[in-house]
Each structure stands twice: as C-alpha cells, then as structure tokens.
Amino acid sequence: HWQGTFSSIFLMSLQPGIFGEQFYVFVPFIMLGLLSFSVIFFFLQISRFFNKSRYYAVIFSMFTLLLVVQHMISKPVAFFWYNAAVHYIVPFCFGLLLVACFIILYKERKLRWGALIGACIFSVMLGGGNLVTALSGIIGFVTLFVLLAFNKKKRMLLILIIPAVFNFLAFTINVVAPGNSLRQEATGIPGNPVMSILRSLFYGIYYLGDVWLDWQIILFVLLLIPFAWSFVQNIDFKFPFPLLFSLYSYGFLSAMFTPTDYAAHTAGVQNVIFTAYIIVIALNVIYITGWVYQGREREKIKSCETGAIQGKSASFIWVLCAVALFSAVLTSIPSPERFTTALAIQELSSGSAKECGQIAFENIQILKNSTEESVTIWKVPKTSKLLTSDDIDQWHYDTKNYFRKKTVMVIDKK
C-alpha cells in the first residue's frame with residue numbers, strides 16, 4: 001500500500017541524519033541554500049529571457065528571498081524539519097529550476113542537452129512529489145503548450161513534449177498509488193472535487209488578499225516598482241492583457257489549495273503556497289509595470305540604458321528601505337515570531353533554543369547507548385517557536401523502530 005509521492009520518499013531516505021545524528025545540523029543550510037539557488041537561477045533566466053542585465057536578477061531575487069525567508073508561515077517546518085521541507089519546499093525549488101531550463105531551451109537556437117536532461121529530471125521529481133506542486137506542474141505544462149501553440153513555436157513544442165511525458169507519467173504514478181486512498185479513508189472525509197475547487201477559489205481570496213497581504217507585502221511591491229520600471233525599458237516583448245495575467249496568477253495560486261482541501265478539507269501546506277505567492281507578486285509587478293510603460297509614448301520617457309536607478313527613484317527606494325527597516329524593528333520587539341531572524345535572536349538570548357537542543361541531545365544518547373529494549377526519554381519542550389511545532393511532534397511515533405527498541409516512553413522533564 002505504497003504512497004504515491006515517490007520522489008519525496010526517495011529524498012527523505014537521504015536525510016543527513018542517516019550519516020550520523022550530528023549531521024542533521026546541516027538541514028537548514030541545505031534548505032536555505034537550495035531555496036536561494038533556485039530563486040536566483042530562476043530570476044537570472046527571466047532577465048536573460050528579456051536580454052537584461054544580471055543586476056535585475058540579483059535585485060528581484062534578493063527582495064523575494066528576504067521576504068520569503070523572514071516571513072515564512074511555519075518556520076520550523078520550512079527550514080528545520082527535513083522531511084517536511086524536502087516534501088514541500090524542495091519540489092517547489094525543482095519547479096523553479098524546471099522553468100529556468102525551459103527558458104534556456106527557448107532562448108538557445110542549438111539544443112542544449114544539459115538543459116533538456118535537467119528539465120526531464122526536474123519534471124519527474126516535480127510529478128512524484130507532493131500533490132500541491134505536482135498539480136501546479138501539470139497546470140504549468142498545459143499553459144505552456146497553449147501559449148506555444150498559439151504563438152506557433154513548433155520547435156519548442158516538440159522539445160516540451162519530452163519533459164511533459166516524464167512529468168505526466170510521474171504524476172499519474174503519484175495519483176493512482178493505492179496508499180492515497182488509504183490516507184483518504186483515514187481522514188474520514190469523502191472528497192468532492194467540485195467543492196474543493198470552489199473552496200480553493202475562496203482560499204485564494206482569503207489568504208492572498210487578506211491574511212497574507214500586510215505592510216510587508218505592500219512595501220515589497222513599492223520597492224520593486226522602480227526596478228521593474230527600469231527593467232521593462234528597451235524590451236521588445238509585449239505585455240498584453242495584464243488583467244488576464246493577474247487572473248491567471250490568482251487561479252494558479254488558488255489551485256495549490258485544492259489537493260489538501262480535497263484530502264482533508266483544510267488549507268494546509270501554506271509554506272509552499274506563500275513562497276509561490278511572493279514570486280508571483282514579483283512577476284505581476286514586472287508584467288503590469290511593462291504594460292504601463294508600453295502604454296505611454298516611449299519618446300517621452302528618458303531611457304535608462306545603464307540599468308541604474310537614479311535621482312528621485314533612488315531617493316524613493318532609500319526612504320522605503322528605511323521605513324521597512326524601522327517597521328521591522330518595531331514589529332520584532334513585541335512579536336519576534338513575525339521574522340525568522342528576530343525569532344532566532346530572541347530564542348538564542350532567552351536560552352529556549354539551547355534547552356531544546358540539550359534535551360534532544362540527551363534523548364539521542366539514551367536511545368543510542370542504552371542496552372535496554374524499553375527506554376524512557378524526555379519530551380522536547382515547546383518553548384522554541386523556531387525549532388518545534390505540533391507537526392514535528394510526530395518524530396517520536398517511530399523512534400523505537402529507528403533505534404531498534406521494543407518500546408519508547410516519552411515523559412515530561414521536571
């Protein structure tokens with residue numbers, strides 16, 4: 001009764017702890033590194049698609065990563081719990097790298113075999129991962145086929161078929177796995193695809209336009225606009241139908257809520273959707289700014305050929321940066337959990353992170369060194385909001401099998 005998410009299970013089996021528990025400390029570095037690399041590489045290829053300087057890719061990716069990393073919905077699940085991060089954040093990174101490979105294949109006249117092989121690998125890993133990003137991959141492929149067919153790009157259509165087949169086969173294996181129905185039965189909630197789609201559209205409005213839309217998002221948009229204005233100048237690409245582009249963005253993000261709603265009637269897996277939300281906002285800022293720019297007479301606008309931001313725009317950006325920094329500091333004092341860095345500083349200074357680490361270390365020593373078949377370990381306290389969560393508490397359910405014990409009892413440490 002195997003579960004369909006085979007690529008995630010494969011990556012879970014490679015968690016650093018299998019080489020020694022001390023190597024688990026590298027998990028946040030791996031996750032932050034992969035997330036940073038995929039976002040930067042994605043925006044590098046976006047800049048390359050428009051024949052623009054890497055300067056813009058650095059700006060767009062740094063602003064995006066700053067907001068994503070600092071404002072992640074569930075920080076422990078995103079950066080410190082390997083299985084959850086590799087199941088949700090990593091496939092999303094594969095999706096960004098897949099799009100980057102497509103841009104390389106589209107731009108190059110000669111077939112780039114490295115990009116094609118990479119696209120096929122990422123297609124399989126995306127289709128065999130969590131159903132949120134897997135479904136997004138299918139939607140993305142369908143969208144690309146429609147756009148390429150409409151623009152009569154026969155060469156790229158033929159190239160796209162190869163990774164599309166890999167992705168479709170992986171997704172099919174993922175969906176038809178017998179373990180999926182067993183998980184569905186375990187929830188006790190029958191799925192209704194029509195109602196799940198409708199609820200997903202509601203979640204799209206509720207989370208994207210209400211829960212997650214705060215002063216940080218607004219400042220993010222305002223900071224991007226001057227750079228986007230400079231970016232879209234001297235571009236041959238047209239930016240038609242901006243409203244349609246934004247509506248598609250809303251539909252794409254809303255669809256990411258559908259799998260979890262269908263399975264459990266919840267809007268779970270918010271980390272990966274929030275990350276996609278920030279990137280989609282950045283793309284919408286670029287697209288709408290391009291449409292506005294091209295709607296005016298170009299000769300009335302001074303071209304910024306060097307890509308530099310000067311004069312009033314530079315002052316505007318520095319003022320916004322100062323406002324953002326001041327607001328972040330004020331917010332961090334009463335609510336450090338709003339920002340990853342502020343929360344880390346608070347927990348390091350208060351000792352809560354050290355307490356969690358010490359108890360976890362003691363538990364591992366007991367489990368590894370005890371010759372008894374039945375052992376008792378300490379319950380890890382919930383004092384750290386950066387290292388613990390209700391989801392991570394599942395770790396002790398299978399501890400006895402991992403350490404080859406008959407029973408493992410978890411008790412509070414007095």
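**Notebook: a pocket, a helix, some rings**

I began with the second largest pocket, which is lined by 47 residues, and Thr143, Leu144, Leu147, Phe245 and Tyr248 lie nearest its centre. On a 1 Å grid over the protein atoms alone, a pocket is an open set of points with protein on both sides within 12 Å along at least five of seven lines, and lining residues have an atom within 4 Å of a point. Helices H2 (27–49), H5, H7, H8, H12 (242–255) and H14 (270–294) each give two or more residues to this lining. I noted that H7 gives the most, with 11 residues. Helices are DSSP runs of H or I, at least four residues, numbered from the N terminus. By class, I found 36 nonpolar, nine polar and two charged residues in the lining. Asp, Glu, Lys and Arg count as charged; Ala, Val, Leu, Ile, Met, Phe, Trp, Tyr, Cys and Pro as nonpolar; the others, Gly among them, as polar.

The model is predicted: local features need pLDDT of at least 70, side-chain atom pairs count only at pLDDT 80 or more, and totals for chains, interfaces and linings use all residues. Residues are numbered from 1 along each chain as its sequence is written, and side-chain values use heavy atoms, with hydrogens and water left out.

Next I looked up H6 (residues 113–127). Its buried residues include Ala115, Leu116, Phe122 and Met125. Buried means under 20% relative accessible area, exposed over 50%, partly exposed in between (1.4 Å probe, protein chains only). Which helices do the buried residues of H6 pack against? I listed H1 (6–12), H5 (82–107), H7 (131–150) and H8 (154–176).

Then I turned to the rings. The structure holds 36 aromatic pairs. Rings of Phe, Tyr and Trp (its six-membered ring) pair if their centres lie within 6.5 Å; planes under 30 degrees apart count as stacked, over 60 as edge-to-face and the rest as tilted. Phe50 and Phe231 are edge-to-face, because their planes stand at 85°, with the centres 5.5 Å apart. They sit 181 residues apart, Phe50 in the loop between H2 and H3 (54–70), Phe231 in H11 (residues 215–231). Tyr207 and Trp212 form a tilted pair, 5.4 Å centre to centre and 50° between the planes. Both of these residues are buried.

Last, I checked phi. Most residues other than glycine have a negative phi. Asn234 has a positive phi of about 60°, and Phe241 has a positive one near 50°. Asn234 lies in the loop between H11 and H12. Phe241 is found in the loop between H11 and H12. Asn234 is partly exposed at 46%, while Phe241 counts as exposed at 61%.

Conventions:
Contact means heavy atoms within 4.5 Å. On a 1 Å grid over the protein atoms alone, a cavity is a set of points where a 1.4 Å probe fits but cannot get out, and a pocket is an open set with protein on both sides within 12 Å along at least five of seven lines; lining residues have an atom within 4 Å of a point.
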